[in-house]
Amino acid sequence: MNRTKPYKMNSAIKRFIMTILFLTAAALLVTACGGERGQETESADNGKLKVTTTIGMIADAAKEVGGDYVAVTGLMGSGIDPHLYKASHGDVAKLDDADIIFYNGLHLEGKMAEMFEKLEKTKPTIAVSRNISEEQLRANPAAGSGAHDPHIWFNVKLWMSATEVIRDTLAQKDPAHADYYAERAADYLGKLEQLDAYVHEQIGLIPEKNRILVTAHDAFGYFGDEYGLQVTGLQGMNTMSEYGSKDVSKLRDFLVENGIKAVFIESSVPRKSIDSVIEGAKKLGHEVAIGGELFSDAMGDEGTEEGTYIGMVKHNVDTIVQALK
Ligand code: ZN
């Protein structure tokens with residue numbers, strides 16, 4: 001009896017402790033779930049507009065204009081190529097959940113077009129390029145007749161038009177805060193105007209004969225047109241188009257003939273394409289350096305200077321001027 005009693009007591013204590021532990025864990029779990037649900041309800045109750053965007057540049061503009069009344073979710077982070085991007089299940093949920101969807105349009109998000117067509121029927125699904133006139137758009141004959149170059153953010157003036165589309169859409173959906181959006185947009189548009197002047201001024205520092213920009217894919221056409229650089233890319237305007245040995249030798253010869261000393265890599269395009277051109281030029285006795293990495297179709301990491309549109313443009317311009325000056 002003396003032997004079994006302590007054993008029984010131990011086992012009862014153990015069971016008691018286990019029960020307490022279980023109840024505590026269960027209580028914590030309920031609190032955690034309740035907390036999460038509480039936050040979600042809170043943001044919905046706050047009346048924040050839920051905005052989902054494709055590329056980071058659009059998310060940035062929506063945050064700048066929307067301020068405290070908009071919750072922005074960008075689907076494509078740093079290093080992501082929008083031409084090849086396919087929506088995941090998680091993305092579909094974020095698109096379904098949104099009050100407004102902003103995308104670039106002009107077939108930048110080539111694999112999402114059908115999805116936008118469907119979403120258009122249920123909520124504002126807006127291409128931020130919609131107000132840019134035919135004359136301001138660059139043709140992209142490689143993508144078919146009537147197709148346009150989608151990389152409008154490289155001309156800051158065109159990106160101002162995109163920002164106005166965001167402002168007007170937010171005001172229409174949420175008229176109670178229209179004045180707030182207008183004020184914030186005016187402030188941001190002022191900064192973009194200054195940015196535009198900065199790019200003109202900085203590119204002007206490059207000697208005219210050096211104003212040739214060679215990159216992996218043809219994203220910088222609007223940039224070249226507006227700010228006065230000749231632009232050549234290895235791939236077409238769409239990173240889906242395969243480049244062949246013919247393209248490599250063509251670009252190699254272009255570098256040699258024009259005595260081009262620096263080419264640029266892009267954060268969202270694999271580097272090997274431009275490396276093969278540099279190697280080819282080297283075999284012909286012409287040394288070409290990597291002038292630096294440019295942000296083309298995706299911004300830098302969130303929280304960094306280059307993770308904003310203005311910071312990204314400044315980084316590109318400073319990198320180009322440094323290498324070609
Ligand atoms: Zn591109």
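This is a predicted model: local features need pLDDT of at least 70, side-chain atom pairs count only at pLDDT 80 or more; totals for chains, interfaces and linings use all residues.
Over the ring of which residue does the charged end of R138 sit? The ring is that of Y222, and the charged end of R138 lies 6.0 Å from its centre.

Next, the rings themselves. A pair of aromatic rings is described by the distance of the centres and the angle of the planes. The structure holds ten aromatic pairs. One of them joins Y69 and Y180, whose ring centres are 4.7 Å apart. Their planes stand at 80 degrees, so this pair is edge-to-face. Y69 lies in the loop between α2 (56-66) and β2, while Y180 belongs to helix α6 (residues 178-203). The pair therefore ties together parts that are 111 residues apart in sequence. Y180 also pairs with Y181, again edge-to-face, at 5.8 Å centre to centre and 70 degrees between the planes.

Accessibility separates these tyrosines. Y69 is partly exposed, at a relative accessible area of 28%. Y180 is partly exposed too, at 22%. Y181 has a relative accessible area of 0%, so this residue is buried.

Elsewhere, one aromatic cluster takes in W153, F154, W159, F220, F223, Y227 and Y309.

Now to a histidine. H83 sits in the loop between β2 (70-74) and α3 (89-97). Its relative accessibility is 2%, so H83 counts as buried. The side chain of D297 makes a polar contact with that of H83 at 2.9 Å. The side chain of H151 makes another with H83, at 3.3 Å.

Methods:
Residues are numbered from 1 along each chain as its sequence is written. Side-chain values use heavy atoms; hydrogens and water are left out. Helices (H or I, at least four residues) and strands (E, at least two) are DSSP runs, numbered from the N terminus. Buried means under 20% relative accessible area, exposed over 50%, partly exposed in between (1.4 Å probe, protein chains only). A polar contact is a pair of N or O atoms within 3.5 Å; within protein, one must be able to donate a hydrogen and the other to accept it, and residues adjacent in sequence count only if both atoms are side-chain atoms. Rings of Phe, Tyr and Trp (its six-membered ring) pair if their centres lie within 6.5 Å; planes under 30 degrees apart count as stacked, over 60 as edge-to-face and the rest as tilted. A charge sits over a ring if NZ of Lys or CZ of Arg is within 6 Å of the ring centre and within 35 degrees of the ring normal.
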